[in-house]
Amino acid sequence: MGSLEDRSMQDLHDECLHSPETDARKNQTTYSNEPLPFSDGRLPAGCNNMIGHGVYRSIKTVVFSNKLNLLMPFGPLAILVHKLTAHNGWVFSLSLLGITPLAERLGYATEQLAFYTGPTIGGLLNATFGNATELIISIYALKSGMTRVVQLSLLGSILSNMLLVLGCAFFCGGLVYHRKEQVFNKATAIVNSGLLLMAVMGLLFPAVLHYTHTERQYGKSELSLSRFSSCVMLVAYAAYLVFQLKGQNDLYAPINEENLDDDDDDDDDDDEAPEISKWESGIWLVILTAWISILSDYLVDTIQGASEAWDVSIAFISVILLPIIGNAAEHASAIMFAMKDKLDISLGVAIGSSTQISMFGIPFCVVIGWIMGQEMDLNFQLFETATLFITVIVVAFFLQEGTSNYFKGLMLILAYLIVAASFFAHEDPTSANEKKQP
C-alpha cells in the first residue's frame, strides 16, 4: 500500500519540476549561473497548489464523506452552552452527540492506517483505538474520582455490544436472507466466548469475596486481588492477539472466504484500497483523539447534573445511554456487514469489541487507577456482575451452532430490553449512600 503514497509524492515532485516557473527559467538560463528553482527556500506556485489540494481532499474525505458527521457541530455547541449557562443536562446531551461522529471517524482513521502497517500491527492498532472513546471517557472519570461511572460505562458497553449490536445484526441480516441461515466461523465465536467467561470470572471473585466477608485483610484483599487479576487478564489478552494474528490464521479465516471467485476478490481489493495516506491517518488520529478528550471532560463533569436534571439514575445513564450513543458507529457497521452476508465481520465488531473491553479495557482502567492512586477494583457489585454472567451465557448458547437468523436476533434485542428495564428500576447502592451523606 505504501506504493500509493510513493506515487503521489513522485507526482508532486514532477509537478513542481515542470511548473511554468521552472520551465521559463530553464529556457532563459541554459548556460547561466542563476540559482536553482528551490535555492531561495520557496516552493513554486504549482507545488503549493498541489499541497493545498491534498489538504482539501483529506478534509473532504474524512469530514464531509459521512452523514453522521452532521452531528459534529454539537461538540462546540456543548462548550458554548457550558460557558453561557449552567444547564448540565443540555451540556451532557450535546457532548454525547458531538462525540458520536468523532468515535466513528477515529475508527475510520485507524482502519486507514492499518492498510500501511500490515495485519499484525493493524490488529494491535484496532485493539488500541477500537474502543478509544470508552477508554478516554473512563480515564477522565478516573481522574475525577468517579470509579463507579467507569465500572458502569464499561459494563454497559459490553452488554450493548453483545445483546443490542449483535442482535440487530442477526435480525437485519436474517430479514435480508430470510430463505437461508447465515453462517459464521464457529471457532472464533467459541474462543471469544471463552475469553468473556474468563472476564466474568475475574469480576466474580472480588464480588464474592466482598459479599461473603471472607477477606483476610478487610478492604485490602479485594483491591489486591483485583489488581492481580487485571494483570493476568492483560497478559491473556496479549496472548490472544498473538494467537489470533500469527498462530492460527487459517483457523480464523472467514467461513465463506474459500468460496469467493476471482471477480469477488477483485471487487474486495478495490473496496479495500486506502482513501488517505499513512501520514494523513496519523495526523487525523491525533486530532480526533484530542477533540474526544476535550468533550469527554465536559461529559464527565456534567453526568451528575444530568442525572439530577432528568431524574434518572447514574447507573441507567452509564450502562444504557452512554454505550448506545458511543457504539452507534459500531452498531451501524455491524448491521451493514450482516446485510451483505459478512457475519464474520459483524461478529468481530460486536463480540470482538466486547472481548476488548472486558479483557483489555476494564483491566487497563484498574491499572491506570492504580497508577493514579484511585482504588478502582473489579467488584462491580452483585447485580451488575450477575447481569454480565447471564448475558455471556445466553450469547454463548446463541453462538454455539455457528448460524444465525432473524429470530435469534430478535431474542437478543428483547433480552437487551429486559436488561435496560432492570437498570432503570435498579438503584445503585454506591449512589444511594452518597445521597444519604450530608
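This is a predicted model: local features need pLDDT of at least 70, side-chain atom pairs count only at pLDDT 80 or more; totals for chains, interfaces and linings use all residues.
1. A quick definition before we start: a helix here is a DSSP run of at least four residues, and helices are numbered from the N terminus.

2. Now the overall picture. The chain has 17 helices and 2 strands. It runs to 438 residues, and 47% of them count as buried. If you take the contacts with a separation of 6 or more, 82% come from residues 24 or more positions apart. As for the surface, the chain exposes about 22,500 Å², with carbon and sulfur atoms supplying 63% of that area.

3. Back to Thr355: is this residue buried or exposed? Thr355 has a relative accessible area of 1%, and the cut-off for buried is under 20%, so Thr355 counts as buried. Which residues does Thr355 contact, once neighbours within four places in sequence are left aside? They are Asn192, Leu195, Leu196, Tyr237 and Phe360.

4. Helix H14 also packs against helix H7. Their axes are 10 Å apart and the angle is about 170 degrees. Angles over 145 degrees count as roughly antiparallel, so that is the label for H7 and H14. Sort the residues of this contact by class and you get 16 nonpolar, 7 polar and no charged.

5. H7 has another partner worth a look. H7 covers residues 147–176, H16 covers residues 406–425, and the two axes come within 7 Å, crossing at roughly 150 degrees. Because of that angle, H7 is roughly antiparallel to H16. The handedness of this crossing is left-handed. In the contact of H7 with H16 there are 18 nonpolar residues, along with 4 polar and 1 charged.

6. Finally, find Gly98 in helix H5, which takes in residues 88–129. Why does Gly98 count as buried? Its relative accessible area is 0%, and buried means under 20%, so Gly98 falls in the buried class.

7. Stay with Gly98 for its surroundings. Gly98 and Met72 are 26 residues apart in sequence, yet their C-alpha atoms are 5.1 Å apart in space.

Methods:
Residues are numbered from 1 along each chain as its sequence is written. Side-chain values use heavy atoms; hydrogens and water are left out. Buried means under 20% relative accessible area, exposed over 50%, partly exposed in between (1.4 Å probe, protein chains only). Contact means heavy atoms within 4.5 Å. Accessible areas come from the Shrake-Rupley method with a 1.4 Å probe; for residues, only the protein chains shown count as cover. Axes are lines fitted to C-alpha atoms, for helices over the stretch in contact, and angles run from 0 to 180 degrees between N-to-C directions. Angles under 35 degrees count as roughly parallel, over 145 as roughly antiparallel, 65 to 115 as roughly perpendicular and the rest as oblique. A crossing is left-handed if the near helix is turned anticlockwise from the far one by less than a right angle, and right-handed if clockwise. Ala, Val, Leu, Ile, Met, Phe, Trp, Tyr, Cys and Pro count as nonpolar, Asp, Glu, Lys and Arg as charged, and the others, Gly among them, as polar.
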